[in-house]
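I opened the notebook to look up one residue and its surroundings. Then I went on to the chain as a whole.

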Amino acid sequence: VILVNVGTQISGTIKTLGTDFNEPVKRGQVLARLDPALIEAAIAPIEANIAQLQAAVGQAAANLANVRTQQSLARTRLSRNRELLARNFIAQSQVDDSEQALQSADAQVTAAEAALRSAQAQVGAAQAQLQRERTNLGYTVIRSPIDGVVVARSVDVGQTVAASFQTPTLFQIAQDLQHKYSHCRVSWESTFMTSKWCTQQRVNPVSLWWLSVWIMLSCSAVV
């Protein structure tokens, strides 16, 4: 008989039980639920924080677009002033000022790009945290991994379970062997019918014995 230990991946308090000792269960059936209140309370501020961070990303993107526009204007202004200087229409000092303005615009673009990446990274980190909490919320529902029968239950409603390095066992389920027993029943019936036929046909008793052994071994191998 195959026994499967069912535990919990998170700590919490048993809120409800969906089965009991000696009851049949199906794969995916809810065995127990942990109280999700603490996890749900943790999710709400994370979602609010993500909304704020996404707004900050929008502001950073808008600022980057603005400084890039200023950078383009500064580059155009420098190019025009260099042409005017070549024609002796303006002084060198004006070209120098244009070069400094472009350098300043370049620095602002670099800073704005870094600020946008930082804001996006913060959103990503908050979303990862939210995903972890949602995953833990899913773990509050404990389901049966197989079809079978509950042969042990070690928790009660209101009991606190702690998930550590070794997952605590809450239920023990014996795999449903009904189909295997059916196979064995068919095998034993086949043995009887075959023996009856062989007797009628006066088959060598030694051959009949070996045939029966083969059918019984096939049955035991399935179980």
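I looked up Gln71 and its cover. Gln71 counts as buried because its relative accessibility is 15%; buried means under 20% relative accessible area, exposed over 50%, and partly exposed in between (1.4 Å probe, protein chains only).

I noted the ground rules next. This is a predicted model, in which local features need pLDDT of at least 70, side-chain atom pairs count only at pLDDT 80 or more, and totals for chains, interfaces and linings use all residues. Residues are numbered from 1 along each chain as its sequence is written, and side-chain values use heavy atoms, with hydrogens and water left out.

What does Gln71 touch, leaving out residues up to four places away in sequence? I found Leu102, Ala105, Asp106 and Val109. A contact here is heavy atoms within 4.5 Å.

I placed Gln71 in helix H1. Helices (H or I, at least four residues) and strands (E, at least two) are DSSP runs, numbered from the N terminus. H1 covers residues 37-86, 50 residues in total. From first C-alpha to last, H1 reaches 74 Å, close to the 74 Å expected at 1.5 Å a residue; the expected span is 1.5 Å times one less than the number of residues. Just after H1, I saw that Asn88 takes a positive phi of about 65°.

I then read the whole protein. I listed four helices and eight strands. Their order along the sequence is β-β-β-β-α-α-β-β-β-β-α-α. Buried residues make up 27% of the 223 residues. Of the contacts with a separation of 6 or more, 77% join residues 24 or more positions apart.
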